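Student: Could you take me through one part of this model slowly? I would like to start with a single residue and then see what lies around it.

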Amino acid sequence: MNKYIFLSGVACLGLSLPSIAGEMVDKSVSAERIQSLSVENIRGQVDIIAHNEQSISIKGELDDETERFVFEPSGRNMEIRVELPQNHRGKWEGDGSNLTIKVPKHIRIAFQGVSSDFSLSGFEERVDGRTVSGNIVAKDLAKKVELESVSGDVTTENLSGKLQLATVSGDIKDKHSQGRMKLKTVSGDIQTQSTATEVAISAVSGAIDFDLDKVDELAIKSVSGSISGQSHLNNGGRIKIGAVSSNIDLALQENLSAAFKVSASAGGHIVNELTDHKPHKAKYGPSSKLKFTTGNADSAVKIGVVSGKVTLRNK
Amino acid sequence: MTISDQELKQQIEAMPDEMTPSRDLWPGIEKAMVYQEQTKPTSFSVKHNPLLAIAASAFLVVASWVGVSSYQPQPQSMSIVAQMNHDFEQQKQLLLTSYGQQPIKQLQPNMQQELEQLKKARQSLERALQDDENNADLLNLLQWTQQQELEFIEQLYRPTWQSI
């Protein structure tokens with residue numbers, strides 16, 4: 001049966017034909033020997049869904065400006081490519097593709113686009129994708145996940161493993177992720193509600209908002225965007241936050257046993273609502289520091305800001 | 001570790017006036033001098049070898065030209081911050097040159113604003129470091145901010161970004 005699907009699929013692979021703009025497509029091939037899938041679509045919407053069958057199928061409508069459509073295996077990689085005419089400087093007429101691709105969940109996925117939106121769900125292997133102005137929505141992915149959009153938003157849910165989400169001006173919204181996570185943006189906002197134990201977040205002017213369950217390591221860096229959130233710091237864990245002019249609001253669990261070191265270098269302001277310890281102002285210059293320990297100081301919290309306000313409080 | 005001038009003076013005064021090597025080195029020196037005498041090449045004059053004189057002159061001209069052209073003045077005793085800024089500016093120039101020195105004013109206003117914010121952040125870190133020049137956290141933050149600016153410039157001028 002698989003052979004039949006494969007052969008019928010191969011028979012349909014003469015799809016590198018011109019003048020197929022806007023055509024409907026409905027193809028399927030065996031995924032028996034396939035280990036990875038790469039998808040290239042310049043504009044429109046592509047949904048990549050994991051399924052339990054040993055086949056790769058594609059269904060939907062191609063871009064109105066499609067010059068060549070590729071749906072063929074190259075070694076153990078399956079290539080899907082919607083090619084548009086060159087030299088259009090991004091000014092194509094009509095609508096982009098609208099495609100649904102179904103793939104076995106154990107296959108590695110790579111995708112890229114320009115203004116194309118992508119959605120993915122259910123994969124157990126590595127997923128790696130980038131788009132320029134399109135949005136990316138990803139759900140239920142495991143292992144290594146790297147998603148990047150320049151000006152589009154990246155929205156994720158139930159991701160696990162080693163995660164890396166990045167944008168320049170788009171927002172990152174993450175929910176129920178776990179494992180190790182790295183979130184990065186320039187001017188976009190970051191919002192995460194996660195059970196990841198190792199979290200690194202950086203932004204230039206974007207706001208960072210986090211709700212973390214139990215962390216071993218949390219590292220945040222920002223230039224001017226606000227940083228606010230809450231977390232439970234595990235025994236032996238470490239939180240390190242560095243910012244230039246950001247306002248930082250950090251809520252931690254009660255009875256945390258940690259060594260705290262907070263510094264504001266130039267006109268920054270420190271508010272401690274965790275204990276009665278007060279910040280110490282430098283004799284000369286505008287800096288102030290706050291150092292104290294709670295319990296046996298098993299964990300460490302280190303915050304440095306130049307001119308922002310730091311507030312420490314209980315969850 | 002830092003020590004005060006007073007401590008440094010005391011340590012200098014406590015040092016011995018002279019030091020003797022752990023073993024007698026004179027026999028070795030004598031032997032080396034004798035060996036040099038024996039292996040000294042016979043003297044020659046450029047008067048007898050004009051080609052050699054021309055080659056030597058040509059070599060000197062080329063060597064001095066290479067030396068002058070590759071010389072870059074390094075300020076004496078540069079602070080860490082100055083060194084970081086120097087490196088950063090060089091990298092930034094290199095990056096901008098590689099993308100054809102496109103004027104920043106042609107960028108979208110919000111992107112120009114981000115670059116301005118990064119610049120201001122660098123300046124405020126530099127000011128903070130004037131009061132505490134060896135503060136590792138501030139130095140790290142400055143380095144990170146510079147890195148963000150370089151990465152941002154790279155992203156802005158990348159062809160994919162230009163396409164939108």
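Is A:S194 buried or exposed, and how many other C-beta atoms lie within 10 Å?

Tutor: Happy to! Keep in mind that this is a predicted model. A:S194 is buried, because 23 other C-beta atoms lie within 10 Å, and a residue counts as buried with 20 or more. You will find A:S194 in strand β17 of chain A, which covers residues 190–194. Now look at what surrounds A:S194. Setting aside neighbours within four places in sequence, A:S194 is in contact with A:D174, A:H176, A:S177, A:Q178, A:M181, A:V199, A:L212 and A:D213.

Let's step back to chain A as a whole. Chain A is divided into domain 1 (1–122) and domain 2 (153–315), and the C-alpha centres of these domains lie 41 Å apart.

Two residues of chain A deserve a look for their backbone angles. Most residues other than glycine have a negative phi. A:N158, however, has a positive phi, near 60 degrees. A:N158 sits in strand β13 (residues 154–159) of chain A and counts as partly exposed, because it has 16 C-beta neighbours inside 10 Å. A:A297 also has a positive phi, near 55 degrees. Its place is the loop between β25 (288–293) and β26 (299–305) of chain A. With 13 other C-beta atoms within 10 Å, A:A297 is partly exposed.

Next comes the nonpolar interior. In soluble globular proteins, nonpolar side chains tend to be buried together. Here the largest nonpolar core has 91 residues, and A:I48, A:I109 and B:L125 are those with the most contacts inside it. Strand β19 (residues 208–222) of chain A gives the largest share of this core, six residues. At least three residues of the core come from each of domain 1 and domain 2 of chain A.

B:L125 leads us on to chain B. Apart from neighbours within four places in sequence, B:L125 is in contact with A:V244 and A:V306 in chain A, and with B:L138, B:L141, B:L142 and B:T145 in chain B. Chain B has seven helices and zero strands, and 12% of its 164 residues count as buried.

Where does chain B touch chain A? In total, 24 residues of chain B are in contact with 25 residues of chain A. On the side of chain B that touches chain A, the elements giving two or more residues are α5 (109–131), α6 and α7 (159–162) of chain B. Of these, α5(B) gives the most, with 10 residues. By class, this side of chain B has 10 nonpolar, nine polar and five charged residues.

Finally, follow α6 within chain B. The axes of helix α4 (residues 80–98) and helix α6 (residues 136–157) of chain B come within 10 Å and cross at roughly 5 degrees. That makes α4(B) roughly parallel to α6(B). Where these helices meet, α4(B) brings residues including B:I80, B:M84 and B:F88, while α6(B) brings residues including B:L139, B:L142 and B:Q143. The contact of α4(B) with α6(B) has nine nonpolar, three polar and two charged residues. You have already come across B:L142: it is also one of the residues in contact with B:L125.

Conventions: Residues numbered from 1 in each chain as written. Chains lettered and ligands numbered in written order. Predicted model: local features only at pLDDT ≥ 70, side-chain atom pairs only at ≥ 80, totals over all residues. Core = buried A, V, L, I, M, F, W, Y, C linked by C-beta atoms within 7 Å. Helix = DSSP H or I, 4+ residues; strand = E, 2+ residues; numbered from the N terminus. Domains from an automatic or database assignment. Contact = placed C-beta atoms within 7 Å. Axes fitted to C-alpha atoms, helices over the stretch in contact; angles between N-to-C directions. Parallel < 35°, antiparallel > 145°, perpendicular 65-115°, else oblique. Nonpolar A, V, L, I, M, F, W, Y, C, P; charged D, E, K, R; others polar.
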